[in-house]
Amino acid sequence: MLLPVPDDDGAPFWAYAAKGELRVQACRDCGARRFPPRPCCPRCRSFEDEWQRVSGRGRVWSYVVAHPPLLPAYAALAPYDVAVVELVEDPAIRLVGNLVAAPDAPLGSVDAARLRIGAPVRAVFCTLGEGDERVTVPRWMLERP
């Protein structure tokens with residue numbers, strides 16, 4: 001699978017995820033949350049930021065069920081879902097991930113017939129890759145199994 005490549009702005013997001021925490025960048029001056037992370041606040045242009053812990057709860061804002069042909073490495077995993085989740089603390093913050101039946105469950109472990117826009121979800125974390133290439137990613141589980 002393709003693994004995320006943390007950059008300087010996003011490195012704290014991945015470090016917190018490795019600890020099982022979902023955090024988003026926020027401006028220290030005006031308080032606006034932002035995702036994806038970036039050096040400057042889009043609201044007030046401040047370069048001062050902090051990482052706020054959020055509950056990990058959200059709602060499915062959109063989703064798609066991917067089928068082949070896809071990238072060759074993903075063809076054997078299809079069909080699987082890709083969801084856009086809006087956080088309950090700030091619906092303007094949306095993260096992309098997969099819905100799974102358990103943190104370490106494979107892609108496609110949630111029946112596509114159960115997916116609905118607005119479905120409540122919560123973040124779980126799964127470590128992918130090997131050796132120095134390991135990264136912990138947030139995934140999503142339905143609140144009502």
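Start by selecting the hairpin of β7 and β8: six residues lie between the two strands, and G129 in the turn has a positive phi of about 90°. Strands (E, at least two residues) and helices (H or I, at least four) are DSSP runs numbered from the N terminus. The model is predicted: local features need pLDDT of at least 70 and side-chain atom pairs pLDDT 80 or more, while totals for chains, interfaces and linings use all residues. Numbering runs from 1 along each chain as its sequence is written, and side-chain values use heavy atoms, without hydrogens and water.

Next, show residues 120-128 and 135-142, which are β7 and β8; eight bridges join them in the antiparallel sense. Strands pair if DSSP finds at least two bridges between them. Pick V121: its bridge partner in β8 is L142, and V121 is in turn the partner of G58.

From G129, go to W51, 78 residues away in sequence and 25 Å away in space, C-alpha to C-alpha. W51 sits in β3, residues 49-53. Is W51 buried or exposed? W51 is buried, with a relative accessible area of 13%; buried means under 20%, exposed over 50% and partly exposed in between, with a 1.4 Å probe and protein chains only. Select its contacts (heavy atoms within 4.5 Å): leaving out residues up to four places away in sequence, W51 touches D9, P12, F13, Y16, R23, V24, Q25 and P37.

Finally, zoom out. The protein has two helices and eight strands, in the order α-β-β-β-β-α-β-β-β-β. Of its 145 residues, 37% count as buried.
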